[in-house]
Amino acid sequence: MTIQEMQERIAQLKKEKNAVILAHYYTRPEVQDVADYLGDSLGLSQEAGKTDADIILFCGVHFMAETAAIISPDKRVLTPVLGAGCSLAEAITGYELKRWKEEHPDGLVVSYVNTTADTKAYTDVCCTSANALEVVKALPEDKEILFVPDSHLGAWIQKVTGREMTLWDGHCCVHHIVDGEMVIEAANKYPEADILIHPESICSSDERVLNMPNAYFYSTAGMVKHAKESPKRQFVIATELGTIHKLQQDSPDKEFIPISERLICAQMKKVTLEGVLEALEKEQYVVKIDEPMRSDAVKSIDAMLKL
Ligand code: SF4
């Protein structure tokens, strides 16, 4: 089957089965092109909550499909691939978080949405890179904040809000390579460009980068919005390379330069067009979160959406 034939068959199956395809910006371009909604973690969670489709086919890593299953227990949530992990989600288990909370009985747990359902079940409030600053600012000043699992995102929140937090030592294996030297080198090479950086990057608490007038920290959706609205013509992109497909589609007359060709999430790339087609045909692989874990986990997502 050609790519076009597969895309046509997928469109037909979506209609027949009242299915919706949600895809993350880091998936392959041909997968992004069959999505009804393309977004980052926050946008995808919101979309999963409001769709009236019977089937949600989630193109992303496993914790994302789990999040959709937590939010929409009455829908059939499918993932086209089993075993697409995430180094952040795997940095902490629910059991480890439970033990950590016991050591800090008065602490409030803020979990980045890149966590398993098990970890979310022990979380007070979730956040994404798009709303992390607002979530942390809204929490009572006299409470200790236990932030999991991304230490770089946590360090960035501390720098920007001035709020001290206790950080879990996890990181994203993709963004972990974006350090201050890499950004300084890019700034020198492309002085006219805006540099758009994901706060999961190791440079997110580096004063040299934070003080650069043309460096901006954004969630992936924030980068897409900035590039679309900015009068600038050139952008250096410091996040997963899949994002450039959307950036280029939205602004075909602008130039997007990856800060490094190594920023590829191998787990996201496990989602293929063949896998998407097979998932719709066979209605596989079902992602379901058992009770009471689901009810415990949904409270942390509801708390985030409320804030
Ligand atoms: S890019 Fe990083 S945070 Fe995103 S899914 Fe891949 S490993 Fe996880």
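Mentor: Gladly! This is a predicted model. The domain assignment divides the protein chain into domain 1 (3-85 + 268-289), domain 2 (89-170 + 295-306) and domain 3 (175-258).

Trainee: How do you know that domain 1 is in contact with domain 3?

Mentor: Two residues are in contact if their C-beta atoms lie within 7 Å. Twelve residues of domain 1 are in contact with eight residues of domain 3. On the domain 1 side, helix 2 (29-32), strand 2 (37-39) and helix 3 (41-50) each give two or more residues. By class, that side of domain 1 has six nonpolar, four polar and two charged residues. The C-alpha centres of domain 1 and domain 3 lie 27 Å apart.

Trainee: What makes strand 5 and strand 7 a pair?

Mentor: Two strands pair if there are at least two bridges between them. Strand 5 (residues 108-112) and strand 7 (residues 145-148) have four bridges, in the parallel sense, so they count as a pair. As an example of a bridge, Leu108 has Ile145 in strand 7 as its partner.

Trainee: And why do strand 6 and strand 8 stand at the edges?

Mentor: The open sheet has four strands in the order 6-5-7-8, with parallel pairing. Strand 6 (125-127) and strand 8 (166-167) each have a single partner strand, so one side of each is left without a neighbour in the sheet.

Trainee: Why is Ser151 called buried?

Mentor: The cut-off is 20 or more other C-beta atoms within 10 Å. Ser151 has 21, so Ser151 is buried. Ser151 lies in helix 8 (residues 151-161). Leaving aside neighbours within four places in sequence, Ser151 is in contact with Leu167, Trp168, Asp169, Gly170 and His171. The C-alpha atoms of Ser151 and Leu167 are separated by 5.7 Å, although these residues are 16 residues apart along the chain.

Trainee: Which residues touch the most other members of the largest nonpolar core?

Mentor: Of its 97 residues, those are Leu57, Phe58, Ile237 and Val276. Helix 4 (residues 62-71) gives the largest share of this core, seven residues. Beyond four places in sequence, the contacts of Phe58 include Leu22, Met64 and Val77.

Trainee: Finally, which residues come nearest to the ligand?

Mentor: Of the 13 residues around the ligand, Val61, Cys86, Cys172, Val174 and Cys265 come nearest. The shell divides into nine nonpolar, three polar and one charged. Cys counts as nonpolar in this scheme.

How values were computed: Residues are numbered from 1 along each chain as its sequence is written. This is a predicted model: local features need pLDDT of at least 70, side-chain atom pairs count only at pLDDT 80 or more; totals for chains, interfaces and linings use all residues. Domain bounds come from an automatic or database domain assignment. A residue is near a molecule or strand if its C-beta atom, placed from the backbone, lies within 6 Å of it. A nonpolar core is a set of buried Ala, Val, Leu, Ile, Met, Phe, Trp, Tyr and Cys residues joined through C-beta atoms within 7 Å. A residue is buried if 20 or more other C-beta atoms lie within 10 Å of its own, exposed if 12 or fewer, and partly exposed in between; C-beta atoms are placed from the backbone.
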